[in-house]
Amino acid sequence: MSIFEPQRESRDLDFIVAVRSDESAHPHDAVPTTPAWSGNGRKPAARYRCAASSLRDLAAEPSRAGQATGG
């Protein structure tokens, strides 16, 4: 039994994932958009319009706390 097992069970999580502290991501509801194409050159690739947040910040958001359950 790991040291995380009691916390995992008390929070009703199916699993725990370890990540590096410098990892970043976009929220699950972020959608990449494609800028308008001027007609010249390559068509622009889809991209996220906001900067990625650290995983620590995303996990700490109160609105996402309920989504961090393992079910």
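Predicted model: local features only at pLDDT ≥ 70, side-chain atom pairs only at ≥ 80, totals over all residues.
Q: How many helices and strands does the protein have?
A: Helices (H or I, at least four residues) and strands (E, at least two) are DSSP runs, numbered from the N terminus. Here there are two helices and two strands. Along the sequence they follow the pattern α-β-β-α.

Q: What share of the residues is buried?
A: Buried means under 20% relative accessible area, exposed over 50%, and partly exposed in between (1.4 Å probe, protein chains only). Of the 71 residues in the protein, 10% are buried.

Q: Is Leu 58 buried or exposed?
A: Leu 58 counts as buried because its relative accessible area is 10%. Leu 58 lies in helix H2, residues 55-60. His 28 is 30 residues away from Leu 58 along the chain, and their C-alpha atoms are 9.8 Å apart.

Q: What share of the contacts joins residues at least 24 apart?
A: Contact means heavy atoms within 4.5 Å. Take the contacts between residues at least 6 apart in sequence: 51% of them join residues at least 24 apart.

Q: Which residues does Trp 37 touch?
A: Leave out residues up to four places away in sequence, and Trp 37 touches Arg 42, Lys 43 and Pro 44. Trp 37 sits in the loop between strand S1 (24-25) and strand S2 (53-54). Its relative accessibility is 42%, so Trp 37 counts as partly exposed.

Q: Which backbone atoms do the side chains of Trp 37 and Ser 38 reach?
A: A polar contact is a pair of N or O atoms within 3.5 Å; within protein, one must be able to donate a hydrogen and the other to accept it, and residues adjacent in sequence count only if both atoms are side-chain atoms. The Trp 37 side chain reaches the backbone oxygen of Gly 41 at 3.3 Å. The Ser 38 side chain reaches the backbone nitrogen of Asn 40 at 3.4 Å. Ser 38 is also in the loop between S1 and S2. Ser 38 is exposed because its relative accessibility is 62%.

Q: Where are the salt bridges?
A: A salt bridge is a side-chain nitrogen of Lys or Arg within 4 Å of a carboxyl oxygen of Asp or Glu. The structure holds two. Arg 20 pairs with Asp 22, the closest N and O atoms being 2.9 Å apart. Arg 20 also meets Glu 23, at 3.2 Å from N to O. Through shared partners, Arg 20, Asp 22 and Glu 23 form one network.

Q: Why is Asp 22 called exposed, and why is Glu 23 called partly exposed?
A: Asp 22 is exposed because its relative accessible area is 54%. Glu 23 has 30%, so it is partly exposed.

Technical notes. Residues numbered from 1 in each chain as written. Heavy atoms only, no water.
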